[in-house]
Amino acid sequence: MPTVDDVLEQVGEFGWFQKQAFLLLCLISASLAPIYVGIIFLGFTPDHYCQSPGVAELSQRCGWSLAEEMNYTVPGLGSADEASFLSQCMQYEVDWNQSTLGCVDPLSSLAANRSHLPLRPCRHGWVYDTPGSSIVTEFNLVCGDSWKVDLFQSCVNLGFFLGSLVVGYIADRFGRKLCLMGTTLVTSLSGVLTAVAPDYTSMLLFRLLQGMVSKGSWVSGYTLITEFVGSEYRRTTAILYQMAFTVGLVALAGVAYAIPHWRWLQLAVSLPTFLFLLYYWCVPESPRWLLSQKRTTQAVRVMEQIAQKNGKLPPADLKMLCVEEDISEKQSPSFADLFRTPNLRKHTLILMYLWFSCAVLYQGLIMHVGATGGNLYLDFLYSSLVEFPAAFIILATIDRIGRIYPMAVSNLVAGAACLIMIFIPQELHWLNVTLACLGRMGATIILQMVCLVNAELYPTFVRNLAMMVCSALCDLGGIFTPFMVFRLMEVWQALPLILFGVLGLSAGVMTFLLPETKGVALPETVEEAENLRRRKSKPKENTIYLQVQTGKSPGP
């Protein structure tokens, strides 16, 4: 009896049907970018200073320029961290409406040295130096409330983590297509609700909801396209699907530049996603899933549709289509299996650390460049473009060099780039951006490589569980990253780079402790997994493709 792969070899493993489905589903991958890293533009913090009643009237009466107004009325202007805090979060305890204040150095009549004047925290809001708006400017998320920007982004990653515990079950129980439609609808609705949220709390809840379902939408599209194509195209298709996320990053930079107001920007990236609901009539259910549910008639109908669109005749024995059963899958996996034997225990701990460190590196570099860059839009664009060569490097090296060496080198390069950035003066901004791009490219390679390595190190019966447990550390890393970046930058702007460097270098060293899996048949038993370094290659055995629930295209 023929399997789906047998039929696809005859009707087309990557014909017109698969190409059309691939392009449509890639749009879903691209749409995850604004959710995953939209904080760079939605939560942009411009230069700001306290709003003081009476200053505007005094400035108008005296005819001050903006520079003169700030020089006379804002404390601690300067480049030092302490001066920056004073100018942004403190104000002189002065009644600016009193008539005794002159137009030339008005504070000189109150004290010989203005540094002796008492200060107080801002009481009447802030003035922001920006032509647009962000959640920071609208809800005043600065100074004592600046941590709320971190929480906004952490809620997305918390949603990714919580959603991964549920969405995978829904996709396996009720189908990939139904899961795709449901998560897409909720993603679109929650995106629009975020844009119209009346206050910070409701915005936070809608963002959490969007995180819980948006990753499920991305994973459903990933699963569908890899189940539609033949075995020879699965890995390449999976990598290109993740590359579509990078296209979304590049597009986001342009849209954010054109729409500098956060509510309109959120609407602009959310409303088009409602069009994905039309996929109900464009993309069929996965024939592999239908067969696993004993719905053979519907699976045959889908295969006939694929053959027709590819211009091929279906095989005569199509109605005898069956699913390959794996006896080893009948074993019941448990969390303890990941730590039961020495090598599996070592692999699990190393992979959990790699997932965590990679998430911190990837998101952390994006946030750090956004917080310290000169031109926010260009810097974001440049660092996004480097993800394209990262994908090609993976395609060029994965079967020639292997998995471990490229992944280890990428970790070491990313970590070293972060440490070198500490010593680059701010005047050489182009060099800082170049090093950040290099680190970003390394993190992208790691994210995509670790997916494959994670799948190849475990026996079949526990492989999916190992994927879920280890990749969950990616989402946990994303939850903590905003606090690591922005709170550490308050202590010292380069402090996050030290953390990134240590994580990258240590992850690179630990990667060398993993066995190379290039050309090695997938382990079926725990014994085989324990002896991977001594296993021989078996041609065409257990070709694997990934159904990994990650935080990135790895955006996801």
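Here are legends for several close-up views of a predicted model.

Because this is a prediction, local features need pLDDT of at least 70 and side-chain atom pairs count only at pLDDT 80 or more, while totals for chains, interfaces and linings use all residues. Residues are numbered from 1 along each chain as its sequence is written, and side-chain values use heavy atoms, with hydrogens and water left out.

**View 1. The largest nonpolar core and a second, separate one.**
The largest nonpolar core holds 137 residues. A nonpolar core here is a set of buried Ala, Val, Leu, Ile, Met, Phe, Trp, Tyr and Cys residues joined through side-chain atoms within 4.5 Å. "Buried" means under 20% relative accessible area, "exposed" means over 50%, and "partly exposed" is in between (1.4 Å probe, protein chains only). If you want the members that touch the most others, look for Ile 135, Tyr 241, Leu 351, Phe 380, Met 407, Tyr 458 and Leu 514. Helix 17 (residues 342–372) gives this core its largest share, 16 residues. Helices (H or I, at least four residues) and strands (E, at least two) are DSSP runs, numbered from the N terminus.

**View 2. The disulfide between Cys 50 and Cys 122.**
The structure has 3 disulfides, a disulfide being a pair of cysteine sulfur atoms within 2.5 Å. In this one, Cys 50 and Cys 122 are joined with an S to S distance of 1.6 Å. The torsion about their S-S bond is about -50°, so the disulfide is left-handed. It ties together distant parts of the chain, 72 residues apart: Cys 50 is in strand 1 (residues 48–50), and Cys 122 is in the loop between strand 3 (119–121) and strand 4 (126–128). Both ends are tucked away: Cys 50 is buried at 6% relative accessibility, and Cys 122 is buried at 14%.

**View 3. The disulfide between Cys 62 and Cys 103.**
Here the S to S distance is 2.0 Å. The link is left-handed, with -75° about the S-S bond. Again distant parts of the chain are linked, 41 residues apart, with Cys 62 in helix 5 (residues 55–62) and Cys 103 in the loop between strand 2 (90–92) and strand 3. Cys 62 counts as buried because its relative accessibility is 19%, whereas Cys 103 is partly exposed at 30%.

**View 4. The disulfide between Cys 89 and Cys 143, with its loop.**
Cys 89 and Cys 143 are joined with an S to S distance of 2.0 Å. The torsion is about -95°, so this disulfide is left-handed. Its ends lie 54 residues apart, in helix 7 (residues 81–89) for Cys 89 and in the loop between helix 8 (135–139) and helix 9 (147–174) for Cys 143. Cys 89 is buried, at 8% relative accessible area. Cys 143 has a positive phi of about 55° although it is not a glycine. Asn 140, in the loop between helix 8 and helix 9, also has a positive phi, near 55°, and is partly exposed at 26% relative accessibility. With the bonded cysteines of the protein numbered in sequence order, the pairing reads 1-5, 2-4, 3-6.

**View 5. Helix 11 against helix 12.**
The axes of helix 11 (residues 200–228) and helix 12 (residues 234–258) come within 9 Å and cross at roughly 150°. Axes are lines fitted to C-alpha atoms, for helices over the stretch in contact, and angles run from 0 to 180 degrees between N-to-C directions. The two helices are therefore roughly antiparallel (under 35 degrees is roughly parallel, over 145 roughly antiparallel, 65 to 115 roughly perpendicular, and the rest oblique). Their crossing is right-handed: a crossing is right-handed if the near helix is turned clockwise from the far one by less than a right angle, and left-handed if anticlockwise. Contact (heavy atoms within 4.5 Å) involves Trp 218, Gly 221, Tyr 222, Ile 225 and Thr 226 of helix 11, and Arg 234, Thr 237, Ala 238, Tyr 241 and Gln 242 of helix 12.

**View 6. Helix 17 against helix 23.**
The axes of helix 17 and helix 23 (residues 495–511) come within 9 Å and cross at roughly 145°. This crossing is left-handed. Residues that meet include Tyr 353, Ser 357 and Gly 364 in helix 17, and Phe 500, Gly 504 and Met 510 in helix 23.
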